[in-house]
Amino acid sequence: MRSFLQKGWRPILVIVLLLLGWQLSTIILQIPEWLLPSPTQIVREAITGWSIFSGHITSTIQLIFIGFIIGSSIGIFVAIALHLVPILREAFYPLIIISQNIPTIVLAPLLVIWFGFGMLPKIIVITLVCFFPITIALLDGFRQSDRDLKHYMQMAGATNRQIFWKLEWPHALPALFSGLKISATYSVLGAVISEWLGASEGIGVYMTLASSSFRTDRVFVAIFIIVILSLLFFGIILLLEKGLIKWKPKEERERHE
Amino acid sequence: MSKLEVNAVSKSFGDNEVLRDVSFSISDGEFVSLLGPSGSGKSTLFRIIGGIAQPSSGTVKLDSKEITGKPGSISYTPQSPSLMPWRTILNNVLLGQEITGSRDEHKALEMIERAGLKGYENSYPHELSGGMKQRVSFIRSMLSPQGLILLDEPFSALDEFTRLDMQKWLLSIWELYQRSILFVTHNIEEALFLSDRIIILSAKPASVKKEFIIPFKRPRDERILLSEEFLQWKKVIYEEMRQQDVSVDY
Ligand SMILES: Nc1ncnc2c1ncn2[C@@H]1O[C@H](COP(=O)(O)OP(=O)(O)OP(=O)(O)O)[C@@H](O)[C@H]1O
Ligand SMILES: [Mg+2]
């Protein structure tokens with residue numbers, strides 16, 4: 001914590017200066033509130049409007065959570081299947097790499113056409129954006145496990161199952177977590193975008209309503225909430241990782257902090 | 001009685017003939033070194049003995065049972081220590097036992113102590129020096145239930161002093177537990193100091209060129225390294241290897 005304060009004061013100072021500059025320029029240049037509200041106006045709206053959007057937040061968090069759990073489970077499952085069945089890997093791995101370059105979000109309107117405005121299309125969108133980073137990261141993790149160790153285990157008579165659970169799976173855990181971190185951020189984005197396309201509740205809905213009525217302060221409130229949610233989610237994964245992976249080399253851990 | 005018998009093993013990868021008609025045997029409790037030029041196929045031979053690669057022809061027998069292409073009878077110590085970074089030293093050492101059945105923590109702790117690693121049982125590999133890791137890797141092999149240990153240049157990454165310490169340590173452990181060892185090295189001195197017998201492989205395609213029985217009595221004292229007899233041996237083996245114009249550490 002102390003080291004965080006020691007190193008963290010510089011970026012915090014930058015943020016404070018930015019906000020200060022923002023506040024001052026809205027006053028000096030007399031920018032109308034509907035064009036660019038000042039930070040204090042945004043904070044005021046966040047406090048007074050809390051009762052309006054708190055419901056939206058819970059609904060979005062729920063969506064993110066369900067989508068993320070389903071998406072990452074499928075991602076993990078697909079990675080294991082592709083890794084253990086070489087024929088599947090040969091057939092699908094190139095396709096997965098190629099499809100990674102397609103922004104999955106563009107499928108969202110199609111999914112709305114097919115599945116309507118309920119939970120299902122939204123969960124599918126989040127699943128799709130979560131799934132690729134996890135599958136790719138995990139597959140690479142499996143493949144990069146120590147060849148010498150694998151030979152040692154094979155010569156000692158280890159079964160494929162033992163090699164998977166004792167060597168490849170633990171070796172791929174750090175890779176899995178880097179995939180999960182990317183997916184966590186993606187799933188927040190996926191949730192909001194899918195809500196833009198049609199929903200009765202959620203931050204995406206709150207945002208569309210705010211922008212169509214020129215309540216720019218509310219748009220900013222929504223943006224900040226999305227940023228905070230992303231960071232929070234990322235932090236949870238980071239904490240999980242620190243709890244689960246205690247064996248990382250010291251230098252590496254220090255570099256992270 | 002011979003523990004391991006390698007009978008006329010040949011191996012080619014496509015047109016690349018790597019092993020030709022390699023035959024030798026190792027007795028129970030014997031320490032044998034394989035000296036061969038780089039790229040001559042020693043690791044390939046290990047993979048065949050370990051049963052994870054098929055020879056193009058020939059057989060491998062352990063305790064008179066054929067094990068060609070059948071893994072599970074050999075404990076292998078690779079060139080790099082290859083410990084699992086997520087396991088503590090104790091759990092790393094127990095890996096070999098886990099694969100085939102039951103964990104014997106008591107014996108493992110005893111071995112760890114004998115290796116001078118007491119207090120590190122619950123440390124992770126990244127907290128250990130290179131020499132210590134190599135010792136852990138070797139203890140793992142010694143604790144495995146398999147009767148034959150293959151060591152693929154285990155000390156090549158260590159400096160000269162650590163290396164001699166490790167050699168002495170290896171001998172002390174081996175003399176205590178009496179397992180059959182097949183040891184690969186590029187270093188003539190190392191092979192002489194450690195082995196009962198040295199097998200010299202020819203350059204590609206590799207076959208057994210010559211065998212020497214090393215008469216120094218056991219337990220070996222590091223002072224023999226400076227003796228006249230040791231130097232004579234070194235010369236004989238060096239000459240033998242030089243005839244095939246091969247670079248070795250002298
Ligand atoms: N899986 C493989 N496929 C094709 N060729 C191979 C394979 N494995 C080894 N070889 C070839 O076999 C030859 C011997 O390789 P090997 O690794 O057994 O040598 P080595 O004696 O262990 O060398 P070093 O002393 O450098 O460790 C090399 O020419 C290599 O190209
Ligand atoms: Mg080799």
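Author: A cavity is a set of grid points where a 1.4 Å probe fits but cannot get out, and its lining residues have an atom within 4 Å of a point. The model discussed here is predicted.

Reader: How many cavities of 30 Å³ or more does a search of the whole structure find?

Author: Rolling a probe the size of a water molecule over the atoms shows where empty space is left. In this structure, the volume of the largest cavity is about 30 Å³. The number of cavities of 30 Å³ or more found by the search is one.

Reader: Which element gives the largest share of the lining of the largest cavity?

Author: The lining consists of B:Gln134, B:Phe138, B:Leu151, B:Pro154, B:Phe155, B:Met166, B:Trp169 and B:Leu170. Two elements of chain B give two or more residues to this lining, namely α5 (130-143) and α6 (160-177). The largest share, three residues, comes from α6(B).

Reader: How many nonpolar residues does the lining of the largest cavity have?

Author: Leu, Met, Phe, Trp and Pro are among the residue types that count as nonpolar. By class, the lining has no charged residues and one polar residue, and its nonpolar residues number seven.

Reader: What is the radius of gyration of chain B?

Author: Chain B comprises eight helices and 10 strands, and its C-alpha atoms fill a box of roughly 50 × 45 × 35 Å along the principal axes. Because chain B has 250 residues, a compact globule would have a radius of gyration near 18 Å. The value for chain B agrees with this, at 18 Å.

Reader: What percentage of the residues of chain B count as buried?

Author: A residue is buried when its relative accessible area is under 20%. Of the 250 residues of chain B, the share that counts as buried is 54%.

Methods: Residues are numbered from 1 along each chain as its sequence is written. Chains are lettered from A and ligands numbered from 1 in the order in which they are written. This is a predicted model: local features need pLDDT of at least 70, side-chain atom pairs count only at pLDDT 80 or more; totals for chains, interfaces and linings use all residues. Side-chain values use heavy atoms; hydrogens and water are left out. On a 1 Å grid over the protein atoms alone, a cavity is a set of points where a 1.4 Å probe fits but cannot get out, and a pocket is an open set with protein on both sides within 12 Å along at least five of seven lines; lining residues have an atom within 4 Å of a point. Grid points are joined across faces, edges and corners, and a volume is the space filled by probe spheres set on the points. Helices (H or I, at least four residues) and strands (E, at least two) are DSSP runs, numbered from the N terminus. The radius of gyration is taken over C-alpha atoms; the globule rule is 2.2 Å times the number of residues to the power 0.38. Buried means under 20% relative accessible area, exposed over 50%, partly exposed in between (1.4 Å probe, protein chains only).
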